[in-house]
Amino acid sequence: MQRRTVLMGIAAALVAPAIVRAQGSDELRIGAPLPLTGPLAPEGQKQKRGYDLWVKEVESAGGFEIGGRRVPVRIIYSDYQSATPRAVQACDQLVTQQRVHALFSPFGSGAAKASSSIAERYRVPMIAPTASSREVYDQGFKYLFGTFTPNETLTEPLADMIMAAAPAIKRVAIFSRNDLLPLALSAEMKKSAVKRGLQVVFDEKFAIGSLDFASALTQMRSADPEWVFVGGYVNDLVQVRTQMRDLGLKPQVLTMIAGPAYEEFTQALHRAAENISSAAWWHPAVRYEGVDIFGKTENFVQKFLATYSALPDYIEASAAAAGAILQLAARKSGSLEGPALRDALASLDAMTFYGPISFGPTGQIEKLVPPVFQIQEGRPIVLAPTSIAQGDFRLGIT
Amino acid sequence: MQLAQVILNGLLLGGLYAAMAAGFSLVWGVLNIINIAQGSAVVLGSYVAYFAWRYAGLNPLLAVALAGPLLFGAGWVLQRFLIQRVIAAPVLITLVFTFGMDLILNNTMISLFTADYRKIEGVFPTVPLHFGALTLPVDRLLAAAAGIGVAFGLHFYLHRSRLGRAIVAVRMDRQTAELMGVRVEIIYATTFGLGLAMAGVAGCLLAAIFPTSPLNSAYYLHIAFVACVLGGLGSVLGAVAGGLLLGVVESLGALFVGAEYGTTVAAVVLLLMLFTRPQGLLGRAGYE
Amino acid sequence: MTSRGRLAIAIAVIGGLACAGLPLILAGEPYLMRLVTMFSLLLVLAASWNIVGGFTGYPSFATGAFFGLGAYVAAILQAKGVDWRLALVAAGLAGGILAAPVGYGVLRLRGHYFAVASLMLGTILKELTTGWSDLTGGGMGLTIAGAGGDPEVLASFALRVSLALAVLTVLLGAAIKWSRLGFGLDCIRMNETAAAGIGVDAQRLKTYAFILSSIPSAVAGAVYAGWIGYIDPTDVYDVMWSVKPIVAVLLGGVGTILGPVVGAAIFVALEEIVWRNVLSFSAGGLGVLIVLLLLVLPAGVLPSLVSRKTRS
């Protein structure tokens, strides 16, 4: 037992230097826990690309403008290994040890929700770039802000558009990855379908990490749906699509979220991606004239393309937007103090490359309208909102 | 008809499982080691196939000739100089040891290749074959056939070649084999090499169909576990039978119990098997 | 007084003092509190694993299954308005009730077969939890009722509860080791067939050990759920919950009473150092640690120290 005390002392001593190191110095420190390893690693990498691009942009502009002076910005990353407890621990460590001024939340709604209490307690503003569920924001917290609108803002416009294009559709199949975001989206999809008098003829989930969907899809084929909705991440969706083709499953309408927004989706599927409809919180085809560091959407897309040789998707854009939003708030508040930054964020009403930014009373973004799009001739074509529409909805898949 | 299609899907999947389980089973049977790193080794094989296709346009089914020897060498060295040092330790130690190796290999692959999913495309025709109402994807058919073919190849190698028969001898009775002049460390190294080579081969076949990522490794390991126990330890033909059975059980489970329960059904079947017939389908009692 | 009695009293006194004092000492250091809580939870799992893995010699990988079960039982009950203390008790009971039949079944297997079967238990529970989404929320996870309050109050509370649980689990380990049960388990570990020959009812004793080991693991899961405030199946049924306790016990010394304490402390410290200094190779770092440990110090820290002392 004594030995334990000694060991704890050693542990504390090893930890201590890091505490001291973080004090003082005139810079803006942001803590960003990321799932760089584990099941969410691909998503974590995307978030990181968004942050890195923003930091690069700030650096080439000579720093961050706060109250008339320029301050360098530093993001402190931490790998939470796709495990929620580590994510919470990382937030705690970043706030209490590294003394960060703001946090970019861990990936997804679950981890964001679990770690938001840390931000609230220490009065450090937290921007969540990838949390959409209402429950994350319904906790009555004042320091949490999110850049995704609630999930139904994706499924409702999709359902409207498809019902307008094919009013005869009656039978819908829903197939979803048993995971936070896809499940939430599928639940909303079901509501949107039932609301419109559609019959849900197949409603199944698949386990995280599944590679083979042949059995479930064979069953789906027997249910003979006219509209198939699949919720999952890009890898799941590519596999589901390929195996649908293998089994000759050809519904009139095929909707997939949240994969078609990614460039690798069309790259992997070629012709099979044609006419797949989807929705996302952001898309490179949108056009906004921002007052933020990136300015126009085209400019952001250009810079991203130049840096990573790929088109940005909604996660990468949302992550970069988190930085841009924080920057706008800091310029407004003129201070890096948590409460001042928080008030500036809460009262922000500005246009950015990502879209209009203003946060509702719960902290979730309000005015953003997620675009609906469809893959046509190998490219995602925006169909809604009408102000930025590039084409019309097409029926049938190859 | 739906049932026939689902069983067919399961068999095609099972061919791949057979290749994954064969090497795993061999190592378990001969060295009495469960190689937790097997799943990551399969992924490594997939990367060999992926990069060979990406940079040299090589067909993933031919990449077997590349990944097999490469992983054989790696396995041989690993066993000879590292695992050999804990080989006599209790089950717990060797299990945790290979678990540590798995963490290292997997994290290294994430660092080198990222966790993004990579897919080989455009090698096989995308139009499936039709037999009445049954559909049969070409790529799956070829990969499954290759998987079973390679497993049979391994079986014949073990029973016909000199080295192979020495491996079988060590598996049956190590002390006697030693007395007969078999150098057990070399046999161990060769066996472990063969185990990893089979993982590499399975990885190539999988890469022809599924996307490659280090994140797949846990799933592959699970498959190898179940197929191996189902079929019977150390028996290569048992692993083939176990793999095919597992493929069918998973597919039927997904059909009758629900898509998300495919692996659960397989795990339950595994437990039942352990309780009732721990020697597996084709294994002989007393070998475990 | 016997040395055993002294050790038991020392554990109780120092543990009690730590429970009372540490939350006060660490009051201004929430992060250290978090580390000590992590240590305590790991210690609970390590000490309870030690009962089956160390005393009895059965390489169990089922710790994570009971941890996850406890987390879900407590979270679901708390969501239905049950008091947290009752929820902890219920979690422990659930662990024990599941462990009885499962243990009776899997403990008939030996070696690798036992390891694989115990590992499958976690896989099955994880998928059942994910699938039964009406009750568990499935992949959406579950938020614990009453969580999200002042994290500093919560931190000190979680620290107290987990430390107390850790002390109890270590004492439980000591009680078992020094009892007739412990003697029986010892016989089973050394030679199960011979043990049966001298009248040890191996099947029954092994099952007792398995049940006693699963209860603290399940309660630890319940404490964890209340502490983190959000659980989902991939988090609480993570195979790491089964592996980390084993590594900790291997570090400290298998089958000893204080081995889990030493091992868990070293493990948490090493993990923290690796995690801080290596951005995205922390899992691999843990792997390096494991491989080196087994090559260099296969008997664990405590027995190595002891044997050096006796030699000199």
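1. A helix crossing is called left-handed if the near helix is turned anticlockwise from the far one by less than a right angle, and right-handed if clockwise. By that rule, α2(B) and α3(B) make a right-handed crossing. The model discussed in this note is predicted.

2. The two helices of that crossing are α2 of chain B, residues 38–56, and α3 of chain B, residues 64–81; their axes come within 9 Å and cross at roughly 140 degrees. Angles over 145 degrees count as roughly antiparallel, and α2(B) and α3(B) are therefore oblique to each other.

3. On the α2(B) side of this packing stand B:A41, B:L44, B:G45, B:V48, B:A49 and B:A52, which meet B:L66, B:A67, B:L70 and B:L71 of α3(B). By class, the residues of this contact are nine nonpolar, one polar and no charged.

4. Which residues carry the contact of α5(B) with α10(B)? From α5(B) come B:I148, B:A151, B:L154, B:H155 and B:L158, and from α10(B) come B:V236, B:L237, B:A239 and B:V240. Eight of the residues in this contact are nonpolar, one is polar and none is charged.

5. Between the chains, 29 residues of chain B are in contact with 26 residues of chain A. On the chain B side, the elements that give two or more residues are α1 (2–31), α4 (91–113) and α10 (236–256). The largest share, five residues, comes from α1(B). The chain B side divides into 14 nonpolar, eleven polar and four charged residues.

6. Chain A is assigned two domains, each made of two segments: domain 1 (2–149 + 285–358) and domain 2 (152–280 + 371–388). Their C-alpha centres lie 31 Å apart. The contact between them takes 14 residues from domain 1 of chain A and 13 residues from domain 2 of chain A.

7. On the domain 1 side of that contact, the largest share, three residues, comes from helix α4 of chain A, residues 108–122. The residues on this side of domain 1 of chain A divide into six nonpolar, six polar and two charged.

8. Chain A also holds an open sheet of five strands, in the order β4-β1-β5-β6-β7, with parallel pairing. The edges are β4 (73–79) and β7 (144–146) of chain A; each has a single partner strand, so one side of each is left without a neighbour in the sheet. From one strand to the next, the twist averages 25 degrees.

9. Inside the sheet, strand β5 (residues 102–104) of chain A is joined to strand β6 (residues 126–128) of chain A by two bridges, and the two strands run parallel. A:F104 stands opposite A:I127 in β6(A).

10. What lies across β1 (28–34), β4 and β5 of chain A? Helix α3 of chain A, residues 84–96, does, and this helix runs at about 165 degrees to β1(A).

Note on methods: Residues numbered from 1 in each chain as written. Chains lettered and ligands numbered in written order. Predicted model: local features only at pLDDT ≥ 70, side-chain atom pairs only at ≥ 80, totals over all residues. Contact = placed C-beta atoms within 7 Å. Helix = DSSP H or I, 4+ residues; strand = E, 2+ residues; numbered from the N terminus. Nonpolar A, V, L, I, M, F, W, Y, C, P; charged D, E, K, R; others polar. Domains from an automatic or database assignment. Axes fitted to C-alpha atoms, helices over the stretch in contact; angles between N-to-C directions. Parallel < 35°, antiparallel > 145°, perpendicular 65-115°, else oblique. Pairing = 2+ DSSP bridges.
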